[in-house]
Amino acid sequence: STTSSSDLATELSIRAQMAMATPEYLVTPGDIYSIGYLAGNGTVTYSFIVDSTYKIRVANLGIINASGMKLIELKREVENIVNKNYPFSGVQFSLTTPATYNVFIRGEVAVTTTASVWGLSRLSSILTNLTKNASLRNIEIKSQNGKVLTYDFFKAQREGDLANDPYLRPGDMI
């Protein structure tokens, strides 16, 4: 089926609202943010995209390393930089479009594949094509930096243990 551009815009808007309302949302390469504030007699507004270096330039006021930062922490940092340079500037900062990225799924699955996810996608959202030999007790996720963590997805399903149903990150291999 095809998705209309208005359906996609609505979905992205809902995702942005969910991310801004979720304290643990991590800044992700591909996220698009907008900022607005008063500077002198004028208004400054612009958007920026987080790239893979996680370095964010806040106008010509400063650079933030957002690696490992939660959205709420980034918001505070941006507001502090702007307010330091323009007191009482009424900073407005928001996530306009959360990033979408692929994670790789292999092992005891019907077909090795990639899945398109975003910053609030959990492991449970992609475990759909497991074989009958798959263990739910030992699901490994290898992160982009090579660190391997093992999750007991059975506990996540049966006991609601969200520590065993982690959020997926760019470059993850399940």
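The expected span of a helix is 1.5 Å times one less than its number of residues; helices (H or I, at least four residues) and strands (E, at least two) are DSSP runs numbered from the N terminus. The model is predicted: local features need pLDDT of at least 70 and side-chain atom pairs count only at pLDDT 80 or more, whereas totals for chains, interfaces and linings use all residues. Residues are numbered from 1 along each chain as its sequence is written, and side-chain values use heavy atoms, with hydrogens and water left out.

**View A. Overall arrangement of the protein chain.** Three helices and nine strands are present, in the order α-β-β-β-β-α-β-β-β-β-β-α from the N terminus. The C-alpha trace spans about 65 × 35 × 30 Å along its principal axes. The mean pLDDT (the predictor's confidence in each residue, from 0 to 100) is 92, and 98% of the residues score at least 70. Confidence is lowest in α1, with a mean of 89, and highest in strand β9 (residues 148-151), at 96.

**View B. Helix α2 and its buried face.** The 15 residues of α2 should span 21 Å at 1.5 Å a residue, and the 22 Å between its end C-alpha atoms agrees with this. Buried residues (under 20% relative accessible area, with a 1.4 Å probe and protein chains only) in α2 are Leu71, Leu74, Val78, Glu79, Ile81 and Val82. These residues cover an arc of only 160 degrees around the axis, and therefore lie on the same side of α2; the arc is that of the directions from the helix axis to the C-beta atoms. The buried residues of α2 pack against α1, β1, β3, β4 (62-65) and β5, contact meaning heavy atoms within 4.5 Å.

View C. Leu74 is buried, its relative accessible area being 0%. Residues up to four places away in sequence apart, Leu74 touches Val27, Tyr33, Ile56, Ile64, Ala66, Met69 and Phe93. The C-alpha atom of Gly90, 16 residues away along the chain, is separated from that of Leu74 by 16 Å.

**View D. The largest nonpolar core.** A nonpolar core is a set of buried Ala, Val, Leu, Ile, Met, Phe, Trp, Tyr and Cys residues joined through side-chain atoms within 4.5 Å. Among the 25 residues of the largest one, Tyr25, Tyr33, Ile35, Leu74 and Val78 touch the most other members. At least two residues of this core are supplied by each of β1 (32-39), β3 (55-58), α2 (71-85) and β5, and α2 gives the largest share, five residues. A second, separate core has 17 residues, including Tyr101, Val109, Val117 and Ala156.

View E. Helix α1 (residues 5-20) has 16 residues and reaches 22 Å from its first C-alpha to its last, close to the 22 Å expected. Its buried residues are Arg15, Ala16 and Ala19. Seen down the axis of α1, they fall within an arc of 100 degrees, so they line one face of the helix. They pack against β5 (92-97), β6 (100-105) and β7 (113-118).

**View F. Asn164 in the segment after α3 (153-159).** Asn164 is buried, with a relative accessible area of 13%. A polar atom of its side chain lies 2.8 Å from the backbone nitrogen of Asp152. Beyond its neighbours within four places in sequence, Asn164 is in contact with Leu123, Tyr151, Asp152, Phe153, Lys155 and Ala156.

Key:
Buried means under 20% relative accessible area, exposed over 50%, partly exposed in between (1.4 Å probe, protein chains only). A polar contact is a pair of N or O atoms within 3.5 Å; within protein, one must be able to donate a hydrogen and the other to accept it, and residues adjacent in sequence count only if both atoms are side-chain atoms.
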